[in-house]
Amino acid sequence: MNSFPMYKIVITEHFKKQLKKLAKKDAAIKESLKKELLGFEKQKAISIGSGVYKIRIAGRGKGKSGGYRAYLFVMEIESILTPICIYAKNQKENLTYEELTLHLIQSTMLNF
């Protein structure tokens, strides 16, 4: 664990659906994701802006370079961290602004 403030982790239904698809091929992804979320440090993540960060998650037997990417939304005032999308790095290089916006809307994060 790190010495930085802990976040309340909120998993949305939209994210659960994405994770479930990936977990069919890689059962270890859930543990890898949990480890990354519990140890999340903004300084080690890539800031996309507006409280959104991109992280890498290790894949089974592949490490982080051959694993997954996840985008997270951090709401500092409430100390909330919520993943908004996850995908295999071999499926897609990066998300476009439009794709990321769609994931944010679909994640219903705005309904807190």
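A residue is called buried when its relative accessible area is under 20%, exposed when that area is over 50%, and partly exposed in between. The legends below use these words for a predicted model.

**Figure 1. Overview of the predicted protein and the order of its elements.** The model shown here is predicted, and the protein in it has 3 helices and 5 strands. Read from the N terminus on, these elements follow one another in the order β-α-α-β-β-β-β-α. The protein has 112 residues, of which 42% count as buried. Among the contacts between residues at least 6 apart in sequence, 48% join residues that are at least 24 apart.

**Figure 2. Close-up of the salt bridge between E13 and K16 in helix α1.** The side chains of E13 and K16 form a salt bridge in which the closest N and O atoms are 3.3 Å apart. Both residues belong to helix α1, which covers residues 13–25, and they are 3 residues apart, or about one turn of the helix. E13 has a relative accessibility of 52% and therefore counts as exposed, whereas K16, with a relative accessible area of 40%, is partly exposed. This pair is one of 4 salt bridges counted in the model.

**Figure 3. Close-up of the salt bridge between R69 and E93.** In this view the side chains of R69 and E93 meet in a salt bridge, with a distance of 3.9 Å from N to O. R69 lies in strand β4 (residues 63–75), while E93 lies in the loop between β5 (80–88) and α3 (97–106), so the pair ties together parts that are 24 residues apart in sequence.

**Figure 4. Close-up of the salt bridge between K92 and E99.** Here the side chains of K92 and E99 meet in a salt bridge, and the distance from N to O is 3.0 Å. K92 has a relative accessible area of 30% and is therefore partly exposed. E99, at 26% relative accessibility, likewise counts as partly exposed, because that value lies between the cut-offs of 20% and 50%.

**Figure 5. Close-up of the hairpin formed by strands β2 and β3.** Strand β2 (residues 46–49) and strand β3 (residues 52–59) run antiparallel and are joined by 3 bridges. Within this pairing, I46 stands opposite K54 in β3. The hairpin has 2 residues between the strands, and S50 in it takes a positive phi near 55 degrees. S50, found in the loop between β2 and β3, has this positive phi although it is not a glycine. With a relative accessible area of 72%, S50 is exposed.

Figure 6. S79 lies in the loop that runs between β4 and β5. The phi of S79 is near 55 degrees, which is a positive value in a residue other than glycine. The relative accessible area of S79 is 31%, and S79 is therefore partly exposed.

**Figure 7. Close-up of the contact between helices α1 and α2.** The axes of α1 and helix α2 (residues 29–38) come within 9 Å of each other and cross at roughly 135 degrees. Sorted by class, the contact of α1 with α2 has 6 nonpolar residues, no polar residues and 1 charged residue.

**Figure 8. Close-up of H103 and the residues around it.** H103 lies in helix α3 and is buried, because its relative accessible area is 18%. When residues up to four places away in sequence are not counted, H103 touches H14, Q18, I84, C85 and L95.

Technical notes: Residues are numbered from 1 along each chain as its sequence is written. This is a predicted model: local features need pLDDT of at least 70, side-chain atom pairs count only at pLDDT 80 or more; totals for chains, interfaces and linings use all residues. Side-chain values use heavy atoms; hydrogens and water are left out. Helices (H or I, at least four residues) and strands (E, at least two) are DSSP runs, numbered from the N terminus. Buried means under 20% relative accessible area, exposed over 50%, partly exposed in between (1.4 Å probe, protein chains only). Two strands pair if DSSP finds at least two bridges between them. Axes are lines fitted to C-alpha atoms, for helices over the stretch in contact, and angles run from 0 to 180 degrees between N-to-C directions. Ala, Val, Leu, Ile, Met, Phe, Trp, Tyr, Cys and Pro count as nonpolar, Asp, Glu, Lys and Arg as charged, and the others, Gly among them, as polar. Contact means heavy atoms within 4.5 Å.
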